[in-house]
Amino acid sequence: EVFELYDTYGFPDDLTRIIAEEKGLTIDEAGFEAEMQKQKQRSKKDSAAKVYDWVVLEEKPETFVGYDQTESEVLITRYRKIENKDGEFYQIVLDKSPFYPEGGGQVGDKGVLENAVESFEVLETKKENNLIISLINGRPKDASAGLYAKVNSSDRKNSQANHSVTHLLHEALREVLGTHVEQKGSFVGPDYLRFDFSHFAKMSEDELKWVEEKVNQKIKENIALQEFRNIPIAEAQEKGAMMLFGEKYGD
């Protein structure tokens, strides 16, 4: 029961222990530890994957075109096979990828990769050693032939909107609660966002309402995009960019 509270509902075991002691009860420490070990073994088994070496088809620069395009003609520059509990998959790198890799709290793009005779589902997109890597559910018969890549654009559009809202929310929280408020993490997906921040008290109903009104007002303003895609970091700081995770930014 202590393990179920912890594992399923996220309730800390030490709090269960304290509450039990207040009621004159004890918890089965050995049983809890045994369940924890079983869970670790299950997790290890679930995450076990066999990853093969990269097969390099073409040495050429790989670029991200997804800020401007959600569809593009592409070539696979390298691929590798992955085997896990769910089956056999392939990780691929494209010469011109429209798929946004997971980052900045935002989930990676999904979509489709196809040619005249084959179609593959793009299940996730991540970044590894500066390579944008998409996971697909098969391998084209001729991996060196041209393909057409299509992002699930409705999911991307919703994720982008939710990503923008995390920044509007951050600003509103700083205005309402104070400039000590800083983002500590986030999750941005097509269906919802989560924004983690630091503050010394629970927010009141009035504060929540005030923040909500400020964010909605900014959304209604529909502010035109001013984009500075490639500028030196010092210039970005001069323009007022906030850099909360300084170690993540290059020049």
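1. In this predicted model, the second largest pocket has a volume of about 220 Å³, a pocket being an open set of points on a 1 Å grid over the protein atoms alone where a 1.4 Å probe fits, with protein on both sides within 12 Å along at least five of seven lines. Of the 16 residues that line this pocket, those closest to its centre are Val107, Gly108, Asp109, Lys110 and Leu123 (lining residues have an atom within 4 Å of a point).

2. Strand E9 (119-128) and helix H4 (153-177) each give at least two residues to that lining, and E9 provides the largest share, with four residues; helices (H or I, at least four residues) and strands (E, at least two) are DSSP runs, numbered from the N terminus.

3. In helix H2 (residues 13-22), Asp13, Thr16 and Ala20 are buried, that is, under 20% relative accessible area with a 1.4 Å probe and protein chains only. Because they cover an arc of only 55 degrees around the axis, they lie on the same side of H2, whereas Glu21 and Glu22, on the other side, are exposed (over 50%). Just after H2, Gly24 takes a positive phi of about 75 degrees.

4. Thr166 belongs to helix H4 and counts as buried because its relative accessibility is 3%. Leaving aside neighbours within four places in sequence, Thr166 is in contact with Val188, Leu193 and Phe195 (heavy atoms within 4.5 Å).

5. Residues are numbered from 1 along each chain as its sequence is written, and side-chain values use heavy atoms, without hydrogens or water. Local features need pLDDT of at least 70 and side-chain atom pairs count only at pLDDT 80 or more, while totals for chains, interfaces and linings use all residues.

Note on methods
Points joined across faces, edges and corners; volume = space filled by probe spheres on them. Arc of directions from axis to C-beta.
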